[in-house]
Amino acid sequence: MVQNKARSGHLTLLHFFSDYVIIVPILLLIVIWTIIAPNFLTYNNFMNVLRQVSMVAILAAGQYFMICTGYIDFALGALVGLCGIIFAKAMVDWSLAPGLAAVVALMVGLLCELVSGTLVTNFQLPAFVATLGMMYIGRGLCYVITNSYPISKIPASVAWIGRGYIANAIPWPVAIMIGVYVIVTFVSKKTKFGRFVYATGGNREAAHLSGINVNLITKCSFLLGGLFSTLTAIILVSRLNSGQPSAGTGYEFQAVIACVMGGVSLAGGKGKAPGVILGAIFVGLLTNGMTLINVDSNWQQVVQGVVLILAITFDVYKQRRQASTR
Amino acid sequence: MENNSGIPAAEVILDIRGLTKVFPGVKALDDVSLQVRRGSVHALIGENGAGKSTLIKILSGVYQATSGEFWFKGQKVHVEKPLDAQRLGLSVVHQEIKLVETLSVAENIFLGRPQCKSGLINWGAMRREARRMVEDLNIKLDVDMEVSRLSIAQKQIVEICKALSFNAELIIMDEPSATLTENELECLFDIIARLRSKGITVIYISHRMEEIFKVADSVSVLRDGKHIQTMPVAGIERSQLISLMVGREIGNEYPKLPARIGEVALRAEHLTNRKIHDVSFEVRHGEILGFAGLVGAGRTETVRAVFAADSLTEGSLYINGTPVKFHSVRDAIRHRIALIPEDRKEQGLVLGMSIKQNISMVDLNNVCVNGLLSGRKEQQLSIEMIEKLSIATPSEEKEVRQLSGGNQQKVVLAKWLAVDSDIVILDEPTRGIDVGAKAEIYRLIGMLAQQGKAVIMISSDMPELIGVCDRICVMREGTISGSMDREHFSQEAILDLAVS
Ligand SMILES: Nc1ncnc2c1ncn2[C@@H]1O[C@H](COP(=O)(O)OP(=O)(O)OP(=O)(O)O)[C@@H](O)[C@H]1O
Ligand SMILES: [Mg+2]
């Protein structure tokens, strides 16, 4: 008995807004900054914001899969650092072609995440422990490999990735970010893998009893974390024109903020990929406006912390309401 | 306000006046008014989705009514949260078990108000009190055991103890019997009788008619959110009650379709693991094999082992005569076995997903076009299954979390019937399902057998097993203690084998 089917039609707009509540604060921010920050509403500034958020947003795609599967990966930021160092070193010290260097960096990223994924699935370690450990290992290796000195003299041939424009208008990182999210949205909505991720994060036991290989799905999510860390790392190296051992510090948390702001539930099994870009844009706009009106960068961190807590409070509140309707 | 139930005002403990509850797209309760007499056992019945649980949740402060009010002990009360209700003396054993899995039985019973002595938890007193309560129910249960290690039935008992521990004057039990076996049920009835003799009022929700006649003094029928009628149980016919509930006559409660019993489809030999010992049985194409036994007798463990959800230390399986070995649940599914698990919330469903997504989950290839999920095919499949099982929902997009208990159970069935398996194993398939829908499900099970599938059904509902099965295996303490053919079925014989 599918009662009154017509209803579902006129609920779509409502659904859209409840899925992407984040649009409201974004519009609010735009209005506020337009009023108080003089140079805010310009094309250049807008592209600037997008370029700034693009790296965290791309990394957040990895975090998105992790959170949907029911985990948080604390190592992603450190892997951005490590993969960047490997990428830079491969080109500068080992004189590998950029393409090959990227592949080497990717292998390192995937390997680290495979280790975390195996610890979490086959050895049943809490993800918190495995990824935190991996975070220290990754960051430590960054400093060990570089002796704490940045790697410079990056070949000019990779400059376009971080600093170039398409048709002199759209920065490459922004284009890559959009490409990534088109694919991620497609994968999570249209492929079996995407559905398996949601099912695994939503109820591991039920997914297992439905014949879903939950360990494999979990490992794949980790590997995607490795993939997006590497992509972020490459863009960052190109943008900074060097391999910085501290690169990507704190990105993993910013990625979590972007996910949570974008409506991805920390409880797992729920979330829409486009929301994550919006979440990242929100954070970017917030920082950008504060910079324009000269808010001290230390204070900006405080504000980010407040935003994170608010976002998670909102998420917890939503879950609590759902739980009470059981 | 008029009092049309004929109960003297002084004897009314609970007076519900015009309660309405609207959820997006559903009117779960529609102007419900009824009175409950102090010290009586008052049954509440209705089909799945009729609004029973919603009514209870409003009384206990889980939901707020859209409109209407209720009076408790002669006073109009405002219950905003469960604690308010408990303080008033109104406790609920909810349909869905809500215990803290990592705490002990005793801790769960006294959750939120541990027994204290000078500010510190008095473990001794708490354990003693908990043990006394469990013993009061005539049940063996270690109060120090962690709840996660208990069976569903045992968890249910903890829930009942918890509700009792509030010194409630009105205890509402939402389908407490759904998870209990005959023996445990007798205990429950004892408890209820004891409560009544102490003047405590009980509201009792159940889909099992025979229980209503056994325990209740009066009964209220809800249908589609409306209160249809309240009447004393004495002098009313079972069939009358059913037709009030369903709104039409349902013929045979246990329809048995003729099926041709063929070759052996699945043979299990000497299955052994931590929970079961040397279990052997076979089931034929077109045959419905029942598994009877007490909770904890190893029935669930047996089918889980067949399905490779649990591992085996010994034993072998044959499908259509060929030996098979499953390394994973996927393997079992690939060999066209389906297992509909007993615990819909933990094992059967992803509560946060839509009905549609739950139904298509087992074989996504069914709803794929060129390897990609097709929203249209998925919708078609789910609407087909929703109609086949008459799942009451405004749309296939609804989160299963928001469905009534019985309808959730139907989604689990739908999910597995959507894949075409040869061997269908059902673990307590009608738990929490109303009479009308039960008959539907028996018919569906019969149809599966007719199509030549082998069906294994575990149930703690004996009339159901006797009505539906061709053969019954009885389990006791992890082994099969006997089996019998349809012509030898009797409750006594089964119970005999189940308890030795
Ligand atoms: N939180 C909710 N959100 C939306 N709809 C809901 C919610 N809870 C219940 N409903 C709807 O309200 C109706 C009544 O549900 P309820 O749980 O009260 O039924 P019930 O009589 O207890 O059924 P059952 O015997 O299956 O347990 C159903 O149609 C259900 O889908
Ligand atoms: Mg109910």
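Predicted model: local features only at pLDDT ≥ 70, side-chain atom pairs only at ≥ 80, totals over all residues.

**Entry 1**

I traced an open sheet of four strands in chain B, in the order β2-β1-β4-β5 with antiparallel pairing. β2 (26-37) and β5 of chain B are at the edges with a single partner strand each, so one side of each has no neighbour in the sheet.

I then checked the pairs. β1 (residues 12-23) of chain B and β4 (residues 67-72) of chain B are joined antiparallel by five bridges. Two of the bridge partners I wrote down: Arg17(B) goes with Glu69(B) in β4(B), and Ile16(B) goes with Phe70(B) in β4(B). I reminded myself that in a regular strand the side chains alternate between the two faces of the sheet.

What lies across β1, β2 and β4 of chain B? I found helix α1 (residues 52-59) of chain B there, running at about 115° to β1(B). I checked how covered α1(B) is, and eight of its eight residues are buried. Lys52(B) and Lys57(B) are among the buried residues, along with Leu55(B), Ile56(B), Ile58(B) and Leu59(B). After α1(B) comes Gly61(B), with a positive phi near 85°.

**Entry 1: α9 and α12 in chain A**

Next I put α9 (residues 172-190) of chain A beside α12 (residues 214-240) of chain A: the packing angle is about 170° and the axes are 11 Å apart. That makes α9(A) roughly antiparallel to α12(A), since the cut-off for that is over 145 degrees.

I listed who meets whom. From α9(A) come Pro173(A), Ile176(A), Val180(A) and Val184(A), and from α12(A) come Phe228(A), Leu231(A) and Ile235(A).

**Entry 2: around the end of α12(A)**

Which residue just after α12(A) takes a positive phi? It is Asn241(A), at about 55°, and this is a residue other than glycine. Asn241(A) sits in the loop between α12 and α13 (251-261) of chain A. I get 34% relative accessibility for Asn241(A), so it counts as partly exposed.

I went on to Gly162(A), in helix α8 (residues 159-163) of chain A. Gly162(A) is buried, with a relative accessible area of 1%. Gly162(A) and Ser238(A) are 76 residues apart in sequence, yet their C-alpha atoms are 4.8 Å apart. Beyond four places in sequence, the contacts of Gly162(A) are Arg51(A), Pro173(A), Ile235(A), Ser238(A) and Arg239(A). Pro173(A) and Ile235(A) also turned up in the contact of α9(A) with α12(A).

**Entry 3: chain B against chain A**

I moved to helix α13 (residues 375-388) of chain B. Its 14 residues should span 20 Å at 1.5 Å a residue, and the end C-alpha atoms are 20 Å apart, which agrees. Buried in α13(B) are Glu378(B), Leu381(B), Ser382(B), Ile383(B), Met385(B) and Ile386(B). The buried residues of α13(B) pack against α10 (192-202) of chain A, and also against α12 (355-359) and α14 (405-417) of chain B. Ser390(B) follows α13(B) with a positive phi near 35°.

Last, I looked up Gln347(B), in helix α11 (residues 344-348) of chain B. Is Gln347(B) buried or exposed? Its relative accessible area is 16%, so Gln347(B) is buried. Gln347(B) touches residues of both chains, including Asn203(A), Glu205(A), Ala206(A), Leu209(A) and Arg304(B).

Conventions:
Residues numbered from 1 in each chain as written. Chains lettered and ligands numbered in written order. Heavy atoms only, no water. Axes fitted to C-alpha atoms, helices over the stretch in contact; angles between N-to-C directions. Parallel < 35°, antiparallel > 145°, perpendicular 65-115°, else oblique. Contact = heavy atoms within 4.5 Å. Expected span 1.5 Å × (residues − 1). Buried < 20%, exposed > 50% of the residue type's maximum accessible area, 1.4 Å probe, protein only. Pairing = 2+ DSSP bridges.
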